[in-house]
Amino acid sequence: MTDRQILIAGNWKMNCLTSQAVDLAQGIAKKYSEELNPKCQVLIAPAFTVLGKVSEVLQKSGILLAGQDCHFNKNGAHTGDISPDMLKDVGCNAVILGHSERRSNHRETSQIVKQKAIQAINSGLNVIICIGETEDEKNNGKTIEVLYKQLEESIPDTATAENCVIAYEPVWAIGTGKVATVDDVKNTHNKIRAKIAEMKSQEIAQKMKVLYGGSVKPDNAKELLALEDVDGALIGGASLNVNDFWTIIKNCI
Ligand code: PGA
């Protein structure tokens with residue numbers, strides 16, 4: 001546990017048509033207003049097509065809204081892309097960048113992630129920058145080396161503890177039901193924070209949130225969220241169910 005406020009972020013990925021998205025957002029907003037947990041900030045990241053509707057549902061709720069990606073240009077001829085200003089315009093406070101599914105499905109490099117982060121921060125969005133090692137990299141003892149390279153190459157100079165959150169998501173743990181051991185998460189988060197201190201400053205490193213992600217569920221959230229350097233979670237599957245998501249939020253004590 002930490003003095004930094006916990007952030008529980010739900011990444012809905014490519015799920016939910018309009019009515020499902022509205023139901024889910026309403027369910028979460030209702031719980032949030034009934035059982036407010038001041039220790040915990042809540043954020044949801046729906047697909048682009050439902051951001052407008054979900055934004056209406058969340059108005060004045062206190063729940064933060066994020067896009068799952070954005071382009072690194074301000075506007076222009078980029079068919080199919082979404083700019084940070086468009087996310088702001090629809091009511092987003094933040095954007096997830098460099099998720100491993102973007103890095104692998106869309107060949108996004110850390111350099112691209114950094115360009116996106118620069119533009120997003122310029123537009124007034126907070127960024128959640130994802131990093132994580134593959135199973136092979138883990139088995140070859142390369143976890144820290146890979147994470148340090150991703151941190152060095154993805155985090156822009158303009159990132160601060162106020163506008164940037166790091167999400168550590170081991171690629172092999174995403175959507176697989178496999179979770180890193182508590183000891184591994186503890187050590188890895190500690191090393192990530194040390195690297196942020198080296199890159200930025202000790203003060204920024206102490207304030208910047210570092211989330212864990214990868215098969216976080218109601219039954220494993222409590223022990224992960226209790227760790228000193230874990231400041232919250234980025235949740236995929238379990239964020240699609242109001243009760244599961246809410247049970248995780250309630251575990252932030
Ligand atoms: P998961 O996804 O919780 O379904 O493993 C996490 C993520 O990809 O952010």
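Start by selecting Ser215, which counts as buried at 8% relative accessibility; buried means under 20% relative accessible area, exposed over 50% and partly exposed in between, with a 1.4 Å probe and protein chains only. This is a predicted model, in which local features need pLDDT of at least 70 and side-chain atom pairs count only at pLDDT 80 or more, while totals for chains, interfaces and linings use all residues. Residues are numbered from 1 along each chain as its sequence is written, and side-chain values use heavy atoms, with hydrogens and water left out.

Ser215 sits in the loop between β7 (210-213) and α10 (218-225). Helices (H or I, at least four residues) and strands (E, at least two) are DSSP runs, numbered from the N terminus. Check the backbone here: Ser215 has a positive phi of about 55° although it is not a glycine.

Now show the ligand. Ser215 is among the residues that come nearest to the ligand, together with Lys13, His99, Glu169 and Gly175, out of 13 around it. A residue is near a molecule if one of its heavy atoms lies within 4 Å of it. By class, this shell holds four nonpolar, seven polar and two charged residues. Here Ala, Val, Leu, Ile, Met, Phe, Trp, Tyr, Cys and Pro count as nonpolar, Asp, Glu, Lys and Arg as charged, and the others, Gly among them, as polar.

Select His99 next: an N or O atom in its side chain is 2.6 Å from an oxygen atom of the ligand. For Glu169, an N or O atom in the side chain is likewise 2.6 Å from a ligand oxygen atom.

**The cores**

Select Ile8, Ile44 and Ile166, the residues with the most contacts inside the largest nonpolar core, which has 65 residues. Such a core is a set of buried Ala, Val, Leu, Ile, Met, Phe, Trp, Tyr and Cys residues joined through side-chain atoms within 4.5 Å. Helix α1 (residues 18-34) gives the largest share of this core, six residues. Apart from it lies another core, of 13 residues, among them Leu43, Ala45, Ala167 and Leu211.

Around Ile8, the residues touched include Val42, Leu225, Phe245 and Ile249, not counting residues up to four places away in sequence. Contact means heavy atoms within 4.5 Å.

**Lys195**

Go to helix α8 (residues 182-199) and pick Lys195. Is this lysine buried or exposed? Lys195 is buried, with a relative accessible area of 4%. Its side chain makes a polar contact with the side chain of Glu198 (3.1 Å). A polar contact is a pair of N or O atoms within 3.5 Å; within protein, one must be able to donate a hydrogen and the other to accept it, and residues adjacent in sequence count only if both atoms are side-chain atoms. Lys195 also touches Tyr148, Leu151 and Glu152, not counting residues up to four places away in sequence.

**Two loop residues**

Lys60 lies in the loop between α2 (51-58) and β3 (64-67). Lys60 is exposed, at 86% relative accessible area, and its phi is near 65°.

End at Thr158, in the loop between α7 (143-154) and β6 (164-168). Thr158 is partly exposed, with a relative accessible area of 44%.
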